[in-house]
Amino acid sequence: MTYITIQEEPRSWWHGVFQPSVIALMAYVESLEGLEFKSFHYVMQTDELDVKGTFLGYSFNICMEWGGAISLTFRTEIPEALASVLEKHMKSYKYVGSRAEKLAAVRFQRLASHDN
């Protein structure tokens, strides 16, 4: 099993205020070439996040853990080089822009509606 932290648990309420929104963060995660979301479930009021997808053929799950940390988990081990690419991408978050975030929200909504 390979586990990668996308966003650390906020150290305080104020720290959490300055973190990117879940939609902006997932839009950034999705921007990595070769990464594709297959399903998307997010309930903002309860911080419920469950995203399933693939990265270069390897299946993964993204979830929000108790306390607000967001992680990506592969059920099987992935090559170290791929894990390194993912970790580097996650640690170098850049805002994708409001237009890209809005387009991502529409895609995520479509994925969510196909899950039901």
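Two strands count as paired if DSSP finds at least two bridges between them. Keep that in mind for the exercises below, which all use a predicted model.

**Exercise 1.** How many bridges join β2 to β3, and which way do the strands run?

*Solution.* Start with the count: eight bridges join β2 to β3. The pairing rule asks for at least two, so that's a pair. The strands run antiparallel. For one facing couple, look at Val-43, which stands opposite Glu-48 in β3.

**Exercise 2.** Which residue takes a positive phi in the hairpin of β3 and β4?

*Solution.* First check the pairing: β3 and β4 are joined by six bridges and run antiparallel. Asp-50 stands opposite Cys-63 in β4. Next, the turn: two residues sit between the strands, and the one you want is Leu-56, with a phi near 50°.

**Exercise 3.** Work out what span helix α3 should have, and compare that with the model.

*Solution.* Helix α3 covers residues 80-91, which is twelve residues. At 1.5 Å a residue, the helix should span 16 Å. Its end C-alpha atoms are 16 Å apart, so the two agree.

**Exercise 4.** Where around the axis of α3 do its buried residues lie?

*Solution.* List them: Leu-82, Ala-83, Leu-86, His-89 and Met-90. They cover an arc of only 130° around the axis, so they're on the same side of α3. Here's the general idea: an α-helix has 3.6 residues a turn, so residues three or four places apart point the same way. The buried residues of α3 pack against several elements, including β1, α2 and β5. On the face turned away, you'll find the exposed residues Glu-80, Ala-81, Lys-88 and Lys-91.

**Exercise 5.** What does the salt bridge between Glu-30 and Arg-107 tie together?

*Solution.* The side chains of Glu-30 and Arg-107 meet at 2.5 Å, N to O. Glu-30 belongs to helix α2 and Arg-107 to helix α4, so the pair links parts that are 77 residues apart in sequence. Then check accessibility: Glu-30 has a relative accessible area of 17% and is buried, while Arg-107, with 34%, is partly exposed.

**Exercise 6.** Is Asp-50 buried or partly exposed?

*Solution.* The cut-off for buried is under 20% relative accessible area. Asp-50 has 26%, so it counts as partly exposed. Its side chain meets that of Lys-52 in a salt bridge (3.0 Å, N to O), and Lys-52 is partly exposed with 36%.

Technical notes
Residues are numbered from 1 along each chain as its sequence is written. This is a predicted model: local features need pLDDT of at least 70, side-chain atom pairs count only at pLDDT 80 or more; totals for chains, interfaces and linings use all residues. Side-chain values use heavy atoms; hydrogens and water are left out. Helices (H or I, at least four residues) and strands (E, at least two) are DSSP runs, numbered from the N terminus. The expected span of a helix is 1.5 Å times one less than its number of residues. Buried means under 20% relative accessible area, exposed over 50%, partly exposed in between (1.4 Å probe, protein chains only). The arc is that of the directions from the helix axis to the C-beta atoms. Contact means heavy atoms within 4.5 Å. A salt bridge is a side-chain nitrogen of Lys or Arg within 4 Å of a carboxyl oxygen of Asp or Glu.
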